[in-house]
Amino acid sequence: MTRFKAALFDLDGVIFDTEPQYTRFWGSEFRRYYPDRPGLEDAIKGQTLTQIYDKWFSGPLEAEREGLTARLDAFEAQMDFPYVEGTVAFIRALREMGLRTAVVTSSNQPKMSNVFRTRPEFTALFDRIVTAEDITRSKPAPDCYLKAAELLGADPADCIAFEDSFNGLRSAMAAGTTVVALTTAHPAAEVKDLSHFQIPDYTEALSRLGLR
């Protein structure tokens, strides 16, 4: 039986394989505003919209936020939410072992409403859902993971966290959890120093992580 009391999951790239969709969206937007800065769509992975706006759409570009937000809302309203392979069976197995589960995401409530509409089974997989509205300091600060552990009544040291972005991995590590990197956004070699384990998906995760 695992020693962990709780499992904490980021959303995009961890539960849902949505990163390719966001990469296309933000790649298009950054080419519009920063044609001389290729690759910014990768630099922002794991950041909240507020962080993205503060960094890249301040000053003269602040006036562009309203239009960009509208395009993002329209994009998210028609997104697909395909699960990372093995996700549902893995989470259900953890819950059968007695672990409590939480989502820890930088996404906001409007985005989560799209998730709930598209995936009605989603909420039954988790005891808590922590979103951007629940915290002041976003990833890579540890606040969201500390908040989730508190809500689940678990010490962070008794939690296992699943992340894919650099900011998310740093957040989970700073919180003191055991960190598993999903290699959906970055290859294993790039996230090795920011995590304790690296996995491509959840198909063999129970054995890979020594959970059974």
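How close do the axes of helix 7 and helix 8 come, and at what angle do they cross? In this predicted model, the two axes come within 7 Å and cross at roughly 55°. Because an angle of that size falls neither in the parallel or antiparallel ranges nor between 65 and 115 degrees, helix 7 and helix 8 are oblique to each other, and their crossing is right-handed. The contact is made on one side by Cys 144, Tyr 145 and Leu 146 of helix 7, and on the other by Gly 168, Ser 171, Ala 172 and Ala 175 of helix 8.

Helix 8 itself spans residues 166-175, and its buried residues are Asn 167, Gly 168, Leu 169, Ser 171, Ala 172 and Ala 175. An α-helix has 3.6 residues a turn, so residues three or four places apart point the same way. With that in mind, the reader may look again at Gly 168, Ser 171, Ala 172 and Ala 175, which helix 8 contributes to the contact with helix 7. After helix 8 comes Gly 176, a residue whose phi is positive, near 90°.

A second pair of helices can be read in the same terms, since two packed helices are described by the angle between their axes and the distance between the axes. The axes of helix 1 (residues 19-33) and helix 4 (residues 65-77) come within 11 Å and cross at roughly 160°. As angles over 145 degrees count as roughly antiparallel, helix 1 and helix 4 are therefore described as roughly antiparallel to each other, and helix 1 passes helix 4 in a right-handed crossing. Here helix 1 supplies Gln 21, Tyr 22, Phe 25, Trp 26, Glu 29, Arg 32 and Tyr 33, which meet Leu 68, Arg 71, Leu 72, Phe 75 and Glu 76 of helix 4. The residues of this contact divide into 7 nonpolar, 1 polar and 4 charged.

Finally, the loop between strand 3 (128-130) and helix 7 contains Ser 138. Is Ser 138 buried or exposed? Its relative accessibility is 17%, and because buried means under 20%, Ser 138 counts as buried. Leaving aside residues up to four places away in sequence, Ser 138 touches Thr 48 and Gln 51.

Methods. Residues numbered from 1 in each chain as written. Predicted model: local features only at pLDDT ≥ 70, side-chain atom pairs only at ≥ 80, totals over all residues. Heavy atoms only, no water. Buried < 20%, exposed > 50% of the residue type's maximum accessible area, 1.4 Å probe, protein only. Helix = DSSP H or I, 4+ residues; strand = E, 2+ residues; numbered from the N terminus. Axes fitted to C-alpha atoms, helices over the stretch in contact; angles between N-to-C directions. Parallel < 35°, antiparallel > 145°, perpendicular 65-115°, else oblique. Left-handed = near helix turned anticlockwise from the far one by under 90°. Contact = heavy atoms within 4.5 Å. Nonpolar A, V, L, I, M, F, W, Y, C, P; charged D, E, K, R; others polar.
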